[in-house]
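Here is a short briefing on strand pairing, backbone exceptions and salt bridges. Please keep the model open while reading.

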Amino acid sequence: MLALTLSLPAVVESHAVLVRSVPAQRSVLEAPPTRVELWFNERLEPAYSRMSVLDEANAQIDLRDAAVAADDARRLSVSLPPLAPGRYRVEFRVLSVDGHVVESRLTFTVKSWSRKTP
């Protein structure tokens, strides 16, 4: 019986795990980013992966062009307009190729900043 049990393939359930983000979780930025990029450990299903960036009033402020990268199916990104100082929340929901849905959020803050002229 033990030999039979050991010969069966192990079932491994994996999910897409966020491995890196730009901006990073809870980062405080001197200048506003122009994009938010998320990298996962597994390929994503483009048709079922989405992301949005919200301001402190819960208004979606991204340019609504979130997409899985054509050259890296593990990267999801969205463009941003010029951001005012404040705290922002990135919400995402992705479907990995293994069929699992992962939903989460992260935050970042843009400090007051001004462009200095020479």
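## Briefing

In E3, Phe40 is the bridge partner of Leu18. This is a predicted model: local features need pLDDT of at least 70, side-chain atom pairs count only at pLDDT 80 or more, and totals for chains, interfaces and linings use all residues. Residues are numbered from 1 along each chain as its sequence is written, and side-chain values use heavy atoms, with hydrogens and water left out. Helices (H or I, at least four residues) and strands (E, at least two) are DSSP runs, numbered from the N terminus.

**Strand E3 and its partners**

- Strands count as paired if DSSP finds at least two bridges between them.
- Strand E1 (residues 18-22) runs antiparallel to E3, and 4 bridges join them.
- E3 also pairs with strand E6 (residues 72-79), again antiparallel, over 5 bridges.
- Val36 has Val78 as its bridge partner in E6.
- Strand E3 (residues 35-40) is mostly covered, with 5 of its 6 residues buried. Buried means under 20% relative accessible area, exposed over 50%, and partly exposed in between (1.4 Å probe, protein chains only).

- Strands of a sheet pair through backbone hydrogen bonds, either parallel or antiparallel.
- E4 and strand E7 (residues 86-95) run antiparallel, joined by 5 bridges.
- Val53 stands opposite Val90 in E7.

**Backbone exceptions**

- Most residues other than glycine have a negative phi, and most peptide bonds are trans.
- The peptide bond from Val22 to Pro23 is cis, with omega near 0°. Pro23 sits in the loop between E1 and strand E2 (27-29).
- Asn58 has a positive phi, near 65°, and is not a glycine. Asn58 lies in the loop between strand E4 (50-54) and strand E5 (67-69). Its relative accessibility is 48%, so Asn58 counts as partly exposed.
- Arg64 is not a glycine either, yet its phi is positive at about 60°. Arg64 is also found in the loop between E4 and E5. At 60% relative accessibility, Arg64 counts as exposed.

**Salt bridges**

- Side chains of opposite charge can pair when their charged atoms come close.
- The whole structure holds 7 salt bridges, each a side-chain nitrogen of Lys or Arg within 4 Å of a carboxyl oxygen of Asp or Glu.
- Arg75 and Glu37 form one of them, at 2.8 Å from N to O. This pair links distant parts of the chain, with Arg75 in strand E6 and Glu37 in strand E3, 38 residues apart.
- Both partners are buried: Arg75 has a relative accessible area of 16%, and Glu37 is at 18%.
- Asp72 and Arg74 meet at 3.3 Å, N to O. Asp72 is buried at 17% relative accessibility, whereas Arg74 is partly exposed at 39%.
- Arg105 pairs with Glu91, the closest N and O atoms being 3.5 Å apart. Arg105 lies in strand E8 (residues 101-110) and Glu91 in strand E7, so the pair ties together parts 14 residues apart in sequence. Glu91 is partly exposed, with a relative accessible area of 24%.
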